[in-house]
Amino acid sequence: MEKGLISVDRWTGESQAYFLTHLHSDHTKGLSSSWAKGPVFCSRLTAKLFPFKFPEFDLSLLRIIRIGSWHSISLVSPSSGSKNVIQFMAIDAHHCPGAVMFLFRGDFGCLLYTGDFRWEATSDRAKMGRSMLLNALNDAAVDILYLDNTYCNPSYDFPPREVAAQQVVDIIASHPDHDIIIGIDSLGKEDLLLHISRVLKIKIWVWPERLQTMHLLGFDEIFTTKTSLTRVRAVPRYSFSIETLEGLNSMRPTIGIMPSGLPWMVKPSDRKDHLFGSLLTTRYNKSKWAGNESVQMNKPNGSSESPIRLHKYIYTVGYSDHSSFHEIEKFIKLVQPTNMKGIVSSSCCYVDPMYYFGRLCRVNQPTQSLHQKQKRKERDEITLGTKPTFGRNFVTEVERRRNSVKVKLSSVQANRVRAYRRVRSGAKIVDDDCPD
């Protein structure tokens with residue numbers, strides 16, 4: 001697709017139409033209440049949440065896309081002045097409220113941009129998404145797949161969200177005399193909280209801004225800002241720390257639960273403990289802290305499918321809104337793209353999905369180096385941006401290597417932990433004149 005026509009989750013530069021997959025901050029970097037470069041296409045639910053995130057935004061710029069229906073837009077070629085008709089469809093991404101993938105068709109071929117997505121095979125919603133995608137493709141080849149490769153490594157093996165949600169319920173039920181703190185973001189993991197509330201028949205505390213979001217989503221009776229009504233609290237993830245939990249335990253027994261696909265670990269320090277979410281590191285056994293045998297902490301082979309007790313006050317559960325490695329593999333087998341580009345990279349290590357899955361493309365692609373730095377030209381198809389993954393209390397380190405990156409396994413006794421920052425990018429959909 002020619003440069004200057006469409007941008008997806010990218011708000012710098014000049015395009016004629018802009019597409020927003022969802023409202024997480026790493027996908028809205030550069031978007032503000034005063035932004036007014038052109039029409040913004042998004043799902044109905046994203047449009048509903050939009051004014052809360054950008055209160056003074058000119059809502060006349062929003063274009064609501066009905067999920068599962070083809071739409072078209074006529075744009076003018078910047079080079080020739082000719083008219084380009086582009087068809088597009090939004091498909092449920094199963095990530096967070098309002099999140100969608102975008103499928104584009106035109107003279108340029110067929111492009112699929114997943115944004116952040118979770119490709120589970122077990123739920124009815126996922127089956128509907130699969131059927132919608134296959135019907136939309138209608139056996140057409142996807143020329144380029146822009147893929148959420150957040151967990152594009154075999155070490156990321158976590159269960160379906162419904163399984164992980166029940167694990168969280170089991171932890172809460174096994175600590176009937178404890179307050180419970182759950183670390184979440186400003187959008188996402190609503191289904192987890194709803195499952196907890198429904199099974200345990202309790203309300204859940206959230207902070208005031210989060211309560212407003214819940215009300216916008218239609219959840220009026222389940223959530224509260226009154227701590228006296230419940231012992232389960234969902235708190236901003238950046239405020240979730242060992243130091244905080246130790247302070248809470250000085251007043252009342254409290255357990256913290258971190259739902260995440262990342263393998264979290266504890267870094268010991270002379271002053272305080274920090275949690276690390278580390279790419280490409282294994283989960284470790286901390287079973288000596290398992291105070292209640294009714295909750296399974298670790299499987300003997302170190303599988304990440306079981307809750308892990310990182311600290312006497314903290315559990316981590318593999319509840320993720322991104323696809324696991326094997327789910328990514330199944331998605332690529334279904335789509336069979338001709339080529340694909342990862343939309344997530346790190347500052348020192350780009351895990352190209354072609355490394356693991358190039359063999360699944362319609363045109364068998366040569367395996368690429370796992371750790372490489374790719375020079376991006378102005379007309380490259382993916383323009384990278386940067387974003388720290390974790391909140392203020394989640395300390396990350398990046399060790400840059402000029403020629404290679406060595407990944408070392410870590411344990412709780414290690415003095416240093418290498419944690420790689422995820423860096424998100426939007427895509428400016430243009431022609432690619434760089435070699436694969």
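This is a predicted model: local features need pLDDT of at least 70, side-chain atom pairs count only at pLDDT 80 or more; totals for chains, interfaces and linings use all residues.

Student: How many helices and strands does the chain have?

Tutor: There are eight helices and 22 strands in the chain. The chain has 436 residues, and 56% of them count as buried.

Student: And what about contacts along the chain, how far apart in sequence are the residues they join?

Tutor: Taking contacts between residues at least 6 apart in sequence, 66% join residues at least 24 apart.

Student: Back to Lys189. Is it buried or exposed?

Tutor: Lys189 is buried, since its relative accessible area is 12% and the cut-off for buried is under 20%. Its backbone is worth a look too: Lys189 has a positive phi of about 65°, although it is not a glycine.

Student: Why point that out?

Tutor: Because most residues other than glycine have a negative phi. Another residue to look at is Asp139, with a positive phi of about 70° although it is not a glycine.

Student: Where is Asp139, and is it buried or exposed?

Tutor: Asp139 sits in the loop between α2 (124-137) and β9 (144-147). It counts as exposed, because its relative accessibility is 74%. There is also Lys201, which follows α4 and has a positive phi near 55°.

Student: How does α4 cross α3?

Tutor: The axes of α3 and α4 come within 9 Å and cross at roughly 50°. That angle is why α3 counts as oblique to α4. The crossing of α3 and α4 is right-handed.

Student: Which residues make that contact?

Tutor: From α3 you have Ala165, Gln166, Val168, Val169 and Ile172. From α4, the partners are Leu192, His195, Ile196, Val199 and Leu200. By class, the contact of α3 with α4 has eight nonpolar residues, two polar and no charged.

Student: What about α1 and α5, how do they cross?

Tutor: Helix α1 (residues 44-53) and helix α5 (residues 208-216) have axes that come within 10 Å and cross at roughly 155°. They are therefore roughly antiparallel to each other. The crossing of α1 and α5 is right-handed.

Student: Who touches whom there?

Tutor: α1 brings Lys48, Leu49 and Phe52, while α5 brings Glu209, Gln212, Thr213 and Leu216. The residues in the contact of α1 with α5 are three nonpolar, two polar and two charged.

Student: New topic: which residues touch the most other members of the largest nonpolar core?

Tutor: That core has 48 residues, and Phe57, Leu112, Leu133, Phe331 and Phe357 touch the most other members. The helix that gives the most to this core is α7 (residues 325-335), with six residues.

Student: Pick one for me. What does Leu133 touch?

Tutor: Setting aside residues up to four places away in sequence, Leu133 touches Ile91, Leu112, Trp119, Phe331, Leu334 and Val335. There is also a second, separate core of 38 residues, and Ala164, Ile171, Leu192 and Ile242 are among them.

Student: Tell me about Ala164. Where is it?

Tutor: Ala164 is in helix α3 (residues 161-173). It counts as buried because its relative accessibility is 0%. Apart from neighbours within four places in sequence, Ala164 is in contact with Pro159, Val317, Gly318 and Tyr319. Ala164 and Ser306 are 142 residues apart in sequence, with C-alpha atoms 8.3 Å apart in space.

Student: Last one: where does Ser123 lie?

Tutor: Ser123 is in the loop between β8 (109-113) and α2. It counts as partly exposed, because its relative accessibility is 23%. Ser123 and Pro160 are 37 residues apart in sequence and 9.1 Å apart in space, C-alpha to C-alpha.

Methods. Residues are numbered from 1 along each chain as its sequence is written. Side-chain values use heavy atoms; hydrogens and water are left out. Axes are lines fitted to C-alpha atoms, for helices over the stretch in contact, and angles run from 0 to 180 degrees between N-to-C directions. Helices (H or I, at least four residues) and strands (E, at least two) are DSSP runs, numbered from the N terminus. Angles under 35 degrees count as roughly parallel, over 145 as roughly antiparallel, 65 to 115 as roughly perpendicular and the rest as oblique. A crossing is left-handed if the near helix is turned anticlockwise from the far one by less than a right angle, and right-handed if clockwise. Contact means heavy atoms within 4.5 Å. Ala, Val, Leu, Ile, Met, Phe, Trp, Tyr, Cys and Pro count as nonpolar, Asp, Glu, Lys and Arg as charged, and the others, Gly among them, as polar. Buried means under 20% relative accessible area, exposed over 50%, partly exposed in between (1.4 Å probe, protein chains only). A nonpolar core is a set of buried Ala, Val, Leu, Ile, Met, Phe, Trp, Tyr and Cys residues joined through side-chain atoms within 4.5 Å.
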